[in-house]
Structure formats: C-alpha cells, structure tokens
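Let's take a walk through this structure together, starting with its overall layout and ending with the packing of its helices. Have the 3D view ready as you read.

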Amino acid sequence: MLLVGLGAVSTTTIAGTLAIRKGIAPPIGSLTQMGTVRLGKRSEGRFPTIKEVVPLAELDDLVFGGWDIFDEDCYAAARTAGVLEASLLDQVRPDLEAIRPMPAVFDRQYVKRLDGPNVKKGKNKRDLAEQVVADIREFKRVNDCDRLVMVWCGSTEVFMTPAAAHESVGAFERALDANDPAIPSSMIYAYAAIREGLPYANAAPNLSADVPALLELAARTGSPVAGKDLKTGQTLIKTIIAPGLKARLLGVEGWYSTNILGNRDGEVLDDPESFKTKEESKKSVLDYILQPQVYPELYEKLCHVVRINYYPPRGDNKEGWDNIDLVGWLGYPMQLKINFLCRDSILAAPIVLDSVLFLDLAKRAGMSGIQEWLSFYFKSPMHAPEVYPEHDLFIQLMKLKNTLRFMKGEELITHLGREYYD
Ligand SMILES: NC(=O)c1ccc[n+]([C@@H]2O[C@H](COP(=O)([O-])OP(=O)(O)OC[C@H]3O[C@@H](n4cnc5c(N)ncnc54)[C@H](O)[C@@H]3O)[C@@H](O)[C@H]2O)c1
C-alpha cells in the first residue's frame with residue numbers, strides 16, 4: 001500500500017491495520033473486513049462475508065510505504081496527527097517507526113499553507129515523475145511485493161479545471177517536459193502509478209487522475225482508478241439523509257452545513273483556493289441526489305451553503321452542524337438539526353483500506369479505468385462523461401455488492417421479490 005502524504009488519514013489507516021492484524025482492535029467501518037453479501041434468494045439464507053465471496057488480499061500480507069514533505073517516521077507522524085492514542089500506537093510502534101517517508105514531489109504553488117524539507121529536486125516535472133516511478137519499483141523490489149496500490153492521501157490542492165495539457169497522454173507528457181503549471185504534484189504521482197499499471201485512488205478532491213490523459217493511460221496499462229474525496233463526516237450523513245427526504249417527497253428549501261476542524265487538513269483548507277476544491281466536491285452532492293430538474297417544486301429553490309472553519313483546539317475531532325429547512329404537506333415548514341461530533345480520520349481509514357483491497361481485486365479481475373462501483377466511498381465519484389455521478393449511498397452500496405455478485409457469476413439482486421408471492 002503506497003500512500004502519498006503520511007498525515008492523519010494515512011497514519012490512522014496504517015496503524016489501524018497493524019493493530020487489527022494483532023487483534024488489538026476491531027476493523028469497524030470496513031466492508032472488506034466485516035461486510036456480508038446476500039447471495040441467491042432471501043429464502044436461501046446465504047449471507048457469506050465479502051471476504052469469503054471474493055479473493056481479497058489478507059491484511060497480514062500488506063506492507064506500507066509512502067511519501068511526505070516532512071521526514072518524520074510513521075510513528076512520529078501519527079503522534080503529530082493526534083488521532084490515535086499513544087497507548088494504541090505504542091503497541092505497534094516498531095512497525096510504524098520502520099515506515100519512513102520517501103522524499104515528496106511538492107510545489108507550494110498547489111498547497112499554499114504547507115512547506116517541508118523532504119522534497120525531491122528535478123530538472124522538470126518529467127524528471128520528478130521518473131523519480132516516483134523509480135521509488136515505486138524500488139519499494140516493490142525491497143519489500144518483495146507481488147502487487148501495489150497507490151492512494152493520494154496528500155493535502156487538498158488548489159482548485160483547477162481540466163486544461164489542454166490533460167487532454168491526451170501525448171499532451172500530458174509534453175506538459176511534463178515543459179513544466180506546465182497545469183500539472184500539480186498529485187498528477188505527477190498519479191501518472192507514475194498508472195504508467196506502472198498500479199491501481200490508483202484519490203482520497204482528496206483535487207483532480208489528480210480525473211482527466212482524459214490519465215484515463216487514456218489507465219486504459220493502456222490496465223489500471224483501475226477511483227476517487228475523489230473520501231466520503232466521511234458531514235457528506236456521509238448528507239448522502240444518508242437526503243435520499244430519505246427525497247424518497248418521501250419532502251421539499252428542502254435550505255441546507256446549511258458548517259464545520260469546525262483543527263487538524264492540518266483544516267489548516268490547508270483555510271486557504272480559499274484549497275477550500276474551493278473542497279467546496280465544489282461537497283456541494284454537488286445534493287443537486288444530484290435531489291434532482292431539482294425532475295422535482296422543481298420541491299428542490300429548485302434549495303439554498304445550499306457549506307462552511308469549514310479552522311479551529312485548532314478541536315484537532316481531528318471535527319464537529320459538524322447541519323440545519324435543514326424542510327417543506328411538508330400543504331407547504332408547511334419543518335426543521336431538522338444534525339450535530340455530528342465525528343472523528344474524521346476514524347471514518348476515513350476503513351475507506352482507504354477497502355479502496356486498496358477492492359482496487360487490487362479489480363486489477364486482478366481485469367477491470368481497468370474508472371471503478372464506479374467504488375463510488376460508495378467518495379464525495380465526488382468519478383464517472384463516465386455521459387452519465388451523472390450516483391451519490392445516493394444506498395444505490396452506491398447496491399452497485400458495489402452487485403459488482404461483487406457479478407464478478408462471481410452470482411445472480412444480481414434487483415429487490416423485485418415477486419417470486420415469494422407467486
Ligand atoms: N480526514 C478525512 O476524513 C478526510 C476525508 C475526505 C478527504 N480527506 C482528504 O484527504 C487528504 C488527507 O487528509 P489528512 O486529514 O490526512 O490531512 P493531513 O494534513 O493530516 O495529511 C496530509 C499529508 O500530506 C502531505 N503532503 C501534502 N502534499 C504532499 C505531496 N505533494 N507529496 C507528499 N505528501 C504531501 C502533508 O505534508 C501531510 O502530512 C486531504 O486532502 C483531505 O482533504 C480527508
């Protein structure tokens with residue numbers, strides 16, 4: 001498992017996986033470790049675990065590596081992140097200390113609030129990409145790995161839109177040679193991973209692999225790709241609540257979401273350009289779920305506001321408030337308030353683990369390009385240009401489980417259920 005950025009999410013994923021491996025803690029929140037999938041008819045009572053149905057890599061077989069602009073080892077980085085208690089980290093300390101970040105590809109132009117010493121030098125972006133390719137090969141050799149998966153868990157980069165440099169592999173490679181500003185650091189890692197045929201996921205909202213050039217490359221090298229932006233915290237709740245309100249045709253006039261967050265992610269998102277990337281990712285969710293164009297009377301006037309406030313005392317223990325102004329029968333107003341005291345990285349870590357194991361499975365199953373069945377895990381799911389992204393958590397889960405059934409040649413479940421009554 002190669003993680004770009006050994007911050008709160010990565011260290012919580014790594015330390016958590018090591019702790020689970022030792023039986024110190026349970027893998028709560030992970031479908032690959034605890035989930036089941038119904039096979040056949042309801043009357044058959046077959047609910048095997050996902051692990052029994054598809055051949056996933058075992059946690060005992062995983063090794064971890066990564067890059068960061070800070071040169072702290074993974075134990076020190078986990079202490080800095082402050083998510084997991086020292087008493088838990090100390091039980092896996094030697095394994096964590098053995099993971100030291102490789103020097104990063106980093107340019108402050110794309111993450112304005114950060115700077116660190118552990119950074120590669122190169123004559124241009126092509127040279128930096130070749131250095132990442134060399135890191136990947138060396139990691140594979142030294143750790144005697146059969147397969148690798150890369151996940152961008154680095155900071156959210158400034159808002160960017162697809163440009164000419166992203167149109168084709170040829171244009172992208174010329175842009176690497178020319179040091180084109182349209183290629184941020186995350187795309188250099190994504191290019192290196194995909195060129196090497198590695199599955200690649202993006203835990204952050206920046207474009208990274210979500211451009212035609214890298215999807216063209218993924219098709220050539222057989223790399224499965226997933227992203228963007230892990231669906232945790234407030235957006236997770238939003239994609240649980242909104243489908244329910246819409247299912248009962250309750251109108252929504254306003255949805256005001258605000259957060260306080262005190263970790264390094266919060267500090268980076270305090271920069272308006274990085275926040276814009278996050279805001280776009282968080283705001284699109286309701287439009288797609290509520291479909292105002294299909295239900296103009298209920299959702300056309302929806303006022304959706306998202307705020308993130310950097311508040312250091314809170315650390316990784318984010319607090320989110322949602323105020324939802326609803327409209328019911330005969331236009332009568334109602335309100336729903338949600339106060340979620342969550343732990344961001346505790347919600348994120350099982351998603352990183354699942355994405356890695358499922359992407360590795362997809363690679364072995366010959367599934368390349370965008371893995372829409374993994375939308376379940378992301379705030380801004382990657383999707384084919386001709387379809388809109390599916391945000392409803394329950395549709396996403398059905399898609400995920402049906403994909404597993406499909407891979408095994410099992411009957412797909414439609415929930416029609418007429419056969420029980422004929
Ligand atoms: N915590 C969550 O639940 C959550 C949810 C959704 C998305 N995300 C996204 O995941 C990413 C990681 O979140 P986090 O809480 O771990 O943040 P973090 O700030 O703790 O960790 C990010 C790490 O990436 C490093 N980094 C930045 N640019 C880099 C580069 N070019 N190369 C290598 N390392 C680089 C930073 O030094 C830092 O250590 C963020 O973009 C965040 O927005 C997090």
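How many Å separate the centres of domain 1 and domain 2, taken over C-alpha atoms? The answer is 26 Å. Keep in mind as we go that this is a predicted model. To find the two domains in your view, colour residues 2-230 together with 346-407 as domain 1, and residues 234-341 as domain 2. Where these domains touch, 27 residues of domain 1 meet 27 residues of domain 2. On the domain 1 side of that contact you will find 13 nonpolar residues, along with seven polar and seven charged ones.

Now turn to the ligand. The shell around the ligand takes at least three residues from domain 1 and at least three from domain 2. In total, 35 residues lie around the ligand, and those that come nearest are Gly5, Gly7, Ala104, Ala204 and Arg264. Sorted by class, the shell holds 20 nonpolar, 10 polar and five charged residues. Several elements give at least two residues each to this shell: helix 1 (8-21), strand 2 (65-68), helix 12 (264-269) and helix 15 (344-364). Which of the helices gives the most to the shell? That is helix 15, with four residues.

The crossing of helix 1 with helix 15 is right-handed. From helix 1, the residues in this contact are Ala8, Val9, Thr12, Thr13, Gly16 and Thr17, and they face Ser345, Ile346, Ala348, Ala349, Val352 and Leu353 from helix 15. This contact has seven nonpolar and five polar residues, and no charged ones.

To trace the contact, select Thr235, Lys238, Thr239, Ala242, Pro243 and Lys246 in helix 11, then Lys282, Val285, Leu286, Ile289 and Leu290 in helix 13. By class, six of these residues are nonpolar, two are polar and three are charged.

Terms used
Residues are numbered from 1 along each chain as its sequence is written. This is a predicted model: local features need pLDDT of at least 70, side-chain atom pairs count only at pLDDT 80 or more; totals for chains, interfaces and linings use all residues. Domain bounds come from an automatic or database domain assignment. Two residues are in contact if their C-beta atoms, placed from the backbone, lie within 7 Å. Ala, Val, Leu, Ile, Met, Phe, Trp, Tyr, Cys and Pro count as nonpolar, Asp, Glu, Lys and Arg as charged, and the others, Gly among them, as polar. A residue is near a molecule or strand if its C-beta atom, placed from the backbone, lies within 6 Å of it. A crossing is left-handed if the near helix is turned anticlockwise from the far one by less than a right angle, and right-handed if clockwise.
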